Structure formats: structure tokens, C-alpha cells
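Let me put the structure up first and then write down what I looked up.

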Amino acid sequence: MTLQLRIYVPPHPLIKHWLAVARDAATPSVLFRTAMTELGRWLTYEAAREWLPTLETTVNSPLASCPATLIDPEMPIAVVPILRAGLGLLEGAQTLLPLASIYHLGLVRNEETLQPSCYLNKLPEKFDPQTRVLITDPMLATGGSIMAAMAELTHRGVDPVLTRIVCVVAAPPALQQLSAAYPGLIIYTATIDETVNDQGYIVPGLGDAGDRIFGT
Ligand code: PRP
Ligand code: URA
């Protein structure tokens, strides 16, 4: 079976609503943060559907024993927010994945070259190869940052097939690079926009996500 990058844009009214709020230039920081939290929550909910490891067991209801499915507490789950903007999606994701370990990765683009550099790396030296990894970053633009993050993760033993990316706006340059390098990867995004402009901003996009989350 040949693997192919899969990109899901869940057709959910709550995701559409919060994307519209986030896109609106008139949305103040406090509401923009709410939009990111909600998008983090609903996109993670979608991503978890066929990704969260479960185990089959039985439970005793007050009336009888019956078959039951539980989240497998032994299987490692990791969330990797790409700072700063990925922090905006973290709270919503963490609500649904309370047992996940959170590993922060700080990347920032050089405004002229658009190349990312890493200023914080809290990843472990090696991941258990069974670890399910969920990366949060609202913007996949030129693809430099997500490719740098994926390189750091796979170098430490993460399996791209067990990896999910939760983002808000994805653009073709990033998707093309991910598709070529990591065909088994699955992405959940609120939208795929058409272009990235000469300054590296997604159009129509939603502007600078990190600045809008933190009011800077
Ligand atoms: C933004 C965004 C992504 C990156 C996407 O981060 O959160 O990480 O740009 O762009 P790319 O696909 O062209 O690499 P930024 O570097 O602005 O840092 P910030 O999150 O601290 O604002
Ligand atoms: N980073 C952002 O925050 N916004 C973009 O449009 C592109 C990269």
C-alpha cells in the first residue's frame, strides 16, 4: 500500500464559525484566543477519532457486566505545540487529551529569509516508537517551520504515521513539502488557503497568529 498525505477539513459549523472569527481583522485578542482554543478543541476531537489508542475490557454497571472500550493509559500520547502560536491551540487539545505529555518546541521565522530557527527544544532525546504525537501550529505557510519540527521529531524516533498535525490555515507550499517528505502523515485544518505572499503571509489567512494571540 502506498501512503499519501491526508488532509482533513472537517465540515463542522463550530469549526467554520471560529475560523471566521479568527480571520476577522476586527476580532480583538481576547476573542482571537477563544477562537484558537475552540479550534484546538474541535480539530483535536476530529483528529482523535482514529488515532487515540483504545483497549477492550468489561465494566460492571449497577445491573450487569458489559463490554467496554477505554482509552489505553499505557500508550504514550504527546502534544507538541510550536511556540508561540501553537500555544493558542494547546488548551483545547489538552482538555481532550489530559494524559498527554506536552513537549514545547520554540521556532521563529527570520522576517527576511523566512527560515525558522529554534530557540527552545523540550523534546526528549528519544520517543517510545509507539508514541502518538499531535503537533499544534495554527499556520502552515512556506512550510519551513513544520518541516523543521517534523525533522526534530522523526530524528528522535517519532513515526510520521502515528503523527497528527492540528492547524487552522494550511497553504500549498507547506502541504507540498509535507506530502513529499512524510506521505503517511495526517493533517486536520480548518481551511486550506490559496497562496503565500512575498512576505510569507498566507492570503487570505488571518494575519500573524502569534501576535494576535498575545496582543503584540
Ligand atoms: C508562525 C506560525 C508558524 C510559522 C509558519 O510562527 O505560528 O510556526 O509562522 O510559517 P512557515 O510555514 O512559513 O514556517 P512565527 O515564526 O511567526 O512565530 P510565532 O508563533 O512566535 O509568532
Ligand atoms: N505565520 C503567521 O502567523 N501567519 C501567516 O500568515 C504565515 C505565517
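Here are my entries on an annotated site and a few residues.

I am working with a predicted model, where local features need pLDDT of at least 70, side-chain atom pairs count only at pLDDT 80 or more, and totals for chains, interfaces and linings use all residues. Residues are numbered from 1 along each chain as its sequence is written, and side-chain values use heavy atoms, with hydrogens and water left out.

**Annotated site.** I looked up UniProt, whose unreviewed entry puts a "binding site" at residues including R84, R109, P138, M139, T142, G144 and D208. Such annotations may be inferred rather than shown by experiment, and the positions follow the numbering used here.

**M139.** I found M139 in strand β9, residues 139-140 (strands are DSSP runs of E, at least two residues; helices are runs of H or I, at least four). M139 counts as buried because its relative accessibility is 18% (buried is under 20%, exposed over 50%, partly exposed in between, with a 1.4 Å probe and protein chains only). Beyond four places in sequence, M139 contacts V169, I202, L206, G207 and A209 (contact means heavy atoms within 4.5 Å).

**T142.** I placed T142 in the loop between β9 and α4. T142 is partly exposed, at 22%. A polar atom of the T142 side chain lies 3.2 Å from the backbone nitrogen of G144.

**A85.** I see A85 in the loop between β4 and α3, buried at 12% relative accessible area. Outside four places in sequence, A85 touches P138, A209, G210 and I213. A85 and L70 are 15 residues apart in sequence, yet 32 Å apart in space, C-alpha to C-alpha.

Methods:
Chains are lettered from A and ligands numbered from 1 in the order in which they are written. A polar contact is a pair of N or O atoms within 3.5 Å; within protein, one must be able to donate a hydrogen and the other to accept it, and residues adjacent in sequence count only if both atoms are side-chain atoms.
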